[in-house]
Amino acid sequence: MDLTIVKGKTCFDVIHGNIPGCIDIVREAYLAHGAGNSVNPPSYFLRFPERPNARIIALPAFLGERFRVSGIKWIASYPDNLQLGIPRASAVLVLNDYETGYPIAVLESSIISAARTAASAVLAAETLRKDKKVRRFGMVGNGLIARYIHRFFRGAGWDLDEVVLFDTNPAESTAFAGMLREQGEGKVQRAASFEELLASCDVVVFATVAATPYASDVKLLAHNPLLLNVSLRDLDPELLIASENVVDDIEHVLKANTSPHLTEMKLGHRDFIRGTLADVLRKTVTVSAGKPIIFSPFGLGVLDLAVGKWILDAAVSSGEASPMSDFFFEVTR
Ligand SMILES: NC(=O)c1ccc[n+]([C@@H]2O[C@H](COP(=O)([O-])OP(=O)(O)OC[C@H]3O[C@@H](n4cnc5c(N)ncnc54)[C@H](O)[C@@H]3O)[C@@H](O)[C@H]2O)c1
């Protein structure tokens, strides 16, 4: 019995060759999950007493409907890696066969993870805003995830008049600004503070590694922006209380000291959450205009499975996958 290996370059090529296709897969996965055709247990966090900022997370899941695949993403986050000149996150995704449970593939998954995160941010923006035009598009935290999110907005045909950047490490925003200009982004600005950025942008992506909230002034949201709360821990509960809140999965996001979790602890209830992105996609929930909107995605294993299976199928058809024959031994009984 074979095990197929899919390398990072193949994942990169499939995703970047069809960004709208990747967003469609993520939409389908959210809808299947929202309809109950999935199993997505809580993520398991492995932490280390001597490395408090590092963690490795296991995300097991099953996704039904036409996907019919189960598996697990095993993703490490080591923020100190940046000092070594390598990315913070590294990951593999194992896919298991629907009928036998046998592992069928191992895929490099830091790219899949970044891509499904970016796809969910774009999908949320497409669902929660009326058009694909943004006057000022702000990004707080200018690392790898921010780069993917920007690429996905552009790849999905969004019109961004100006891109505004802020990072606590100015070298990061300078490097990102240089990349954006090389990619043909006309107007790129660096904001002096996150407050300046937040107060002036229509759509703001948070993709930092902040562990506790630092943004608390509700006045910064007076112009009713859409906040894509990807890093989950930047926003004080006061901002969520003043906003319409949409999440990917209510049970998941109310964990691990995310801003929605802190808000639930502060209020003693979860009524501040309007619904899930799948609810809004299915139009069973509407989000009122005239308030800021915050999308907080915890990051679901089902998205990794859906994108991983899509890549595996493409890689097998193009001959880019590497089957390792007879990986499993003693397969008769
Ligand atoms: N919700 C999801 O599904 C999901 C999925 C993947 C990653 N993430 C999260 O996205 C975040 C970014 O990931 P990454 O791979 O880009 O990390 P990264 O380390 O490459 O980049 C993070 C950047 O944020 C900057 N930063 C840290 N604190 C800041 C602050 N207070 N204000 C402004 N900038 C700040 C850092 O200097 C760095 O440049 C992480 O928190 C990660 O956990 C979320």
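**View 1. Residues that line the second largest pocket of the predicted model.** Leu-128, Arg-129, Lys-130, Asp-131, Asp-202, His-223, Asn-224, Pro-225, Leu-226, Lys-291 and Ile-293 line the second largest pocket (on a 1 Å grid over the protein atoms alone, a pocket is an open set of points where a 1.4 Å probe fits, with protein on both sides within 12 Å along at least five of seven lines, and lining residues have an atom within 4 Å of a point). This pocket holds about 280 Å³ of space, the volume being the space filled by probe spheres set on the grid points, which are joined across faces, edges and corners. Its lining has 4 nonpolar, 2 polar and 5 charged residues, where Ala, Val, Leu, Ile, Met, Phe, Trp, Tyr, Cys and Pro count as nonpolar, Asp, Glu, Lys and Arg as charged, and the others, Gly among them, as polar. The model is predicted, with local features needing pLDDT of at least 70 and side-chain atom pairs pLDDT 80 or more, whereas totals for chains, interfaces and linings use all residues. Residues are numbered from 1 along each chain as its sequence is written, and side-chain values use heavy atoms, with hydrogens and water left out.

**View 2. The shell around the ligand.** Of the 24 residues around the ligand, Arg-88, Ile-145, Asp-167, Thr-208 and Pro-297 come nearest (a residue is near if one of its heavy atoms lies within 4 Å). By class, this shell has 11 nonpolar, 8 polar and 5 charged residues. Taken alone the ligand exposes 870 Å², of which the protein buries 87% (Shrake-Rupley method, 1.4 Å probe).

View 3. Lys-73 belongs to strand S5 (residues 69-77), a strand being a DSSP run of E with at least two residues, numbered from the N terminus. With a relative accessible area of 3%, Lys-73 is buried (buried means under 20%, exposed over 50%, partly exposed in between, with a 1.4 Å probe and protein chains only). Its side chain makes polar contacts with the side chains of Ser-113 (2.7 Å) and Asp-304 (3.1 Å), such a contact being a pair of N or O atoms within 3.5 Å, of which, within protein, one must be able to donate a hydrogen and the other to accept it, and residues adjacent in sequence count only if both atoms are side-chain atoms.

Technical notes. Helices (H or I, at least four residues) and strands (E, at least two) are DSSP runs, numbered from the N terminus.
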